[in-house]
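Here are some notes for someone opening this structure for the first time. They are numbered so that each can be checked separately.

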Amino acid sequence: MELILKRQDLFQLQGIIPFELLCYLEKEFMDLYEYYNANEDIENFTLENSQSMAILQSDEEVEFILQEPLEIEFVERISEGQLSLYRFGVRNAGEIQLFYCMEENFGGLIIEKLKDICS
């Protein structure tokens with residue numbers, strides 16, 4: 001799992017994750033910055049762990065999140081150009097933590113579970 005707490009975390013993902021995903025996550029981060037910042041400069045802004053963005057990388061990580069269905073606020077499938085991913089929000093310490101998983105990186109069983117939750 002890759003955790004994103006600050007803008008520098010996104011910079012470190014350049015070349016590691018697809019460019020389309022990086023652009024999408026940068027937009028998401030900016031939205032969170034606009035919502036949570038207290039007149040902080042973007043370079044000094046850090047999300048709390050309960051507000052963080054997390055990229056899930058294995059079937060086990062997704063399964064772990066799905067074990068607590070009452071904590072799942074939403075699951076949605078995002079499709080932009082070549083990018084297909086699932087974005088879900090999970091209640092964590094009074095906040096909604098965002099998780100992302102690229103459809104192409106996961107087995108059919110996990111994708112079917114996520115599709116079922118979305119419908």
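1. S84 touches R77, I78, S79, M102 and E103, leaving out residues up to four places away in sequence. This serine lies in strand β4. With R77, the link is also polar: the side chains of S84 and R77 are joined by a polar contact of 3.4 Å. Please keep in mind throughout that the model is predicted.

2. R87 is in β4, which covers residues 83-92. Is R87 buried or exposed? Its relative accessibility is 15%, and R87 therefore counts as buried, the cut-off for buried being under 20%.

3. Which side chains make polar contacts with the side chain of R87? One is E28, at 2.8 Å. Another is E76, at 2.5 Å. Beyond four places in sequence, the residues that R87 touches are Y24, E28, F74, V75, E76, I78, L98, F99 and Y100.

4. R87 also takes part in the lining of the largest pocket. The biggest share comes from α2, with five residues.

5. How much space lies in the largest pocket? The volume is about 170 Å³. Sorted by class, its lining has five nonpolar residues, four charged residues and one polar residue.

6. Helix α3 (residues 59-66) has four buried residues: E61, V62, I65 and L66. They lie on the same side of α3, because the arc they cover around the axis is only 135 degrees. E60 and F64 are exposed on the other side of α3. As a general point, an α-helix has 3.6 residues a turn, so residues three or four places apart point the same way.

7. What do the buried residues of α3 pack against? Their partners are β2 (53-55), β3 (72-80), β4, β5 and α4 (108-118). V62, one of the buried residues of α3, is also among the contacts of F106.

8. F106 is in the loop between β5 and α4. Its relative accessibility is 10%, so F106 counts as buried. With neighbours within four places in sequence set aside, F106 is in contact with L56, Q57, S58, D59, V62, C101 and I111. D41, by contrast, is 65 residues away along the chain from F106, and the C-alpha atoms of the two are separated by 36 Å.

9. G107 is in the loop between β5 and α4 as well. Here the relative accessible area is 27%, so G107 is partly exposed, whereas F106 is buried. From C-alpha to C-alpha, G107 and I17 are 18 Å apart in space, and they are 90 residues apart in sequence.

10. N39, in the loop between α2 and β2, has a positive phi near 60 degrees and is a residue other than glycine. A93, in the loop between β4 and β5, is not a glycine either, and its phi is positive at about 55 degrees.

11. Are N39 and A93 buried or exposed? N39 has a relative accessible area of 80%, so it is exposed. A93 is exposed too, with a value of 69%.

12. E43 is partly exposed, with a relative accessible area of 33%. Apart from neighbours within four places in sequence, E43 is in contact with R7 and Q8. Between E43 and K6, which are 37 residues apart in sequence, the C-alpha to C-alpha distance is 7.7 Å.

Technical notes:
Residues are numbered from 1 along each chain as its sequence is written. This is a predicted model: local features need pLDDT of at least 70, side-chain atom pairs count only at pLDDT 80 or more; totals for chains, interfaces and linings use all residues. Side-chain values use heavy atoms; hydrogens and water are left out. On a 1 Å grid over the protein atoms alone, a cavity is a set of points where a 1.4 Å probe fits but cannot get out, and a pocket is an open set with protein on both sides within 12 Å along at least five of seven lines; lining residues have an atom within 4 Å of a point. Grid points are joined across faces, edges and corners, and a volume is the space filled by probe spheres set on the points. Helices (H or I, at least four residues) and strands (E, at least two) are DSSP runs, numbered from the N terminus. Ala, Val, Leu, Ile, Met, Phe, Trp, Tyr, Cys and Pro count as nonpolar, Asp, Glu, Lys and Arg as charged, and the others, Gly among them, as polar. Buried means under 20% relative accessible area, exposed over 50%, partly exposed in between (1.4 Å probe, protein chains only). A polar contact is a pair of N or O atoms within 3.5 Å; within protein, one must be able to donate a hydrogen and the other to accept it, and residues adjacent in sequence count only if both atoms are side-chain atoms. Contact means heavy atoms within 4.5 Å. The arc is that of the directions from the helix axis to the C-beta atoms.
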